[in-house]
Amino acid sequence: MCSKIICFDLDMTLLDHRTFTVSGNVLAALKKLQQEGHIVTVATGRDLDNAFSVQYKELIHPTAIVHSNGQKVSVGDQKIREVFMEKELIRRLMDFARENGYCIGFNIGEYGCYVNKEIVMQHEQRVFGSSDRKYIDESNLLTHPFYALAYFGDPKGVDRMLEAFPEIKMPFFADKCGADLITKDVSKANGIQTLLDYYGKDWSDVIAFGDSMNDYEMIQKAGIGVAMGNAVEPLKEVADYVTLSVEEDGVCHGLRHLGLLSEE
């Protein structure tokens, strides 16, 4: 098989949220793909250069990364795409969140920076058992560049924000306790297109694995789109194949199904 661009979502595709680890079997499979000349790409809503996520970049050592739902793309240490949110939109979103008690923001280095930070602190307490990191004033959201923002809260807040801001979309996180907050034209597919241009390939050369709605465009456009067993139903409907869940090493199962990984 000629070399492929094989794109993997991170959370609940590679990274199991029960343990917040990537299984050894999956890591070995990714390394084998690279050794065979494939372009192993992590396509995630996270910025993998962020202090809270860089550990996964260092663990996986992907060939390329589509960060922040396609707003930043890197190949090794080279940055080949970077697009930021408009400050005026961020200001209006902050005002709306403040007025309605919603939590939006992002991390700046090792610090959290959120409107109504108590909500994200409660979320971290539930997920990690503690919330001991430091936060800085929300005004910093207007003085730093951001590829995207994050929302923490229930789906009702997402509905209200989408109604108030028709120019945005908010695909839910894997745990459904929050969502990426991005403009409508943003998608992982945009970032992958940058990789295709860089490598001189086309969408028929792409194999993509994902579980959430921020994976929809890349699963739909890929030559082969694979939905995890734990994926949301709309993603399974557009996928070419539905593999096992993240808990069952669904990535390995899918790669074996596609002939990219030998049977054990």
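**A chat about strands, helices and cores**

Biologist: Which residue in β13 is the bridge partner of Val226?

Modeller: In β13, Val226 has Tyr241 as its bridge partner. This is a predicted model, in which local features need pLDDT of at least 70 and side-chain atom pairs count only at pLDDT 80 or more, while totals for chains, interfaces and linings use all residues. Residues are numbered from 1 along each chain as its sequence is written, and side-chain values use heavy atoms, with hydrogens and water left out.

Biologist: Okay! In which sense do β12 and β13 pair?

Modeller: Strands β12 and β13 (residues 241–242) pair in the parallel sense, over 2 bridges. Two strands count as paired if DSSP finds at least two bridges between them. The names come from DSSP runs, numbered from the N terminus: helices are H or I with at least four residues, and strands are E with at least two.

Biologist: And how does the chain cross from β12 to β13?

Modeller: The chain passes through helix α8 (residues 233–238), in a right-handed β-α-β crossover. Right-handed means that, with the strands pointing away from you, the path from the first strand over the helix to the second runs clockwise.

Biologist: How many bridges join β11 to β12?

Modeller: There are 4, between β11 (residues 206–210) and β12 (residues 224–227), and these strands run parallel. The crossover from β11 to β12 goes through helix α7 (residues 216–221) and is right-handed.

Biologist: What order do the strands have in the open sheet?

Modeller: The 8 strands are ordered β5-β4-β3-β2-β1-β11-β12-β13, with mixed pairing. At the edges stand β5 (78–82) and β13, each with a single partner strand, so one side of each has no neighbour in the sheet.

Biologist: Which helix packs on that sheet?

Modeller: Helix α6 (residues 188–199) does, touching β1, β2, β3, β4 (72–75), β5 and β11. Touching, or contact, means heavy atoms within 4.5 Å.

Biologist: New topic: is Asn107 buried or exposed?

Modeller: Asn107 is buried, with a relative accessible area of 17%. Buried means under 20%, exposed means over 50%, and partly exposed lies in between (1.4 Å probe, protein chains only). Asn107 is in strand β6 (residues 103–108).

Biologist: Which side chains make a polar contact with the Asn107 side chain?

Modeller: Tyr114 makes one at 3.4 Å, and Arg133 makes one at 2.5 Å. A polar contact is a pair of N or O atoms within 3.5 Å; within protein, one must be able to donate a hydrogen and the other to accept it, and residues adjacent in sequence count only if both atoms are side-chain atoms.

Biologist: What about Asp202, where is its place?

Modeller: Asp202 is in the loop between α6 and β11, and at 42% relative accessibility it counts as partly exposed. Its side chain and that of Ser204 are joined by a polar contact of 2.3 Å.

Biologist: Last one: how many residues has the largest nonpolar core?

Modeller: It has 52, and those with the most contacts inside it are Phe8, Leu14, Val206, Phe209 and Leu255. A second, separate core of 31 residues includes Ala150, Ile168, Met170 and Phe173. Such a core is a set of buried Ala, Val, Leu, Ile, Met, Phe, Trp, Tyr and Cys residues joined through side-chain atoms within 4.5 Å.

Biologist: Which residues of α9 are buried?

Modeller: In α9 (residues 250–257), Gly250, Val251, Cys252, Gly254 and Leu255 are buried. Their cover includes β1 (5–8), α1 (24–35), β11 and β13.

Methods
Axes fitted to C-alpha atoms, helices over the stretch in contact; angles between N-to-C directions.
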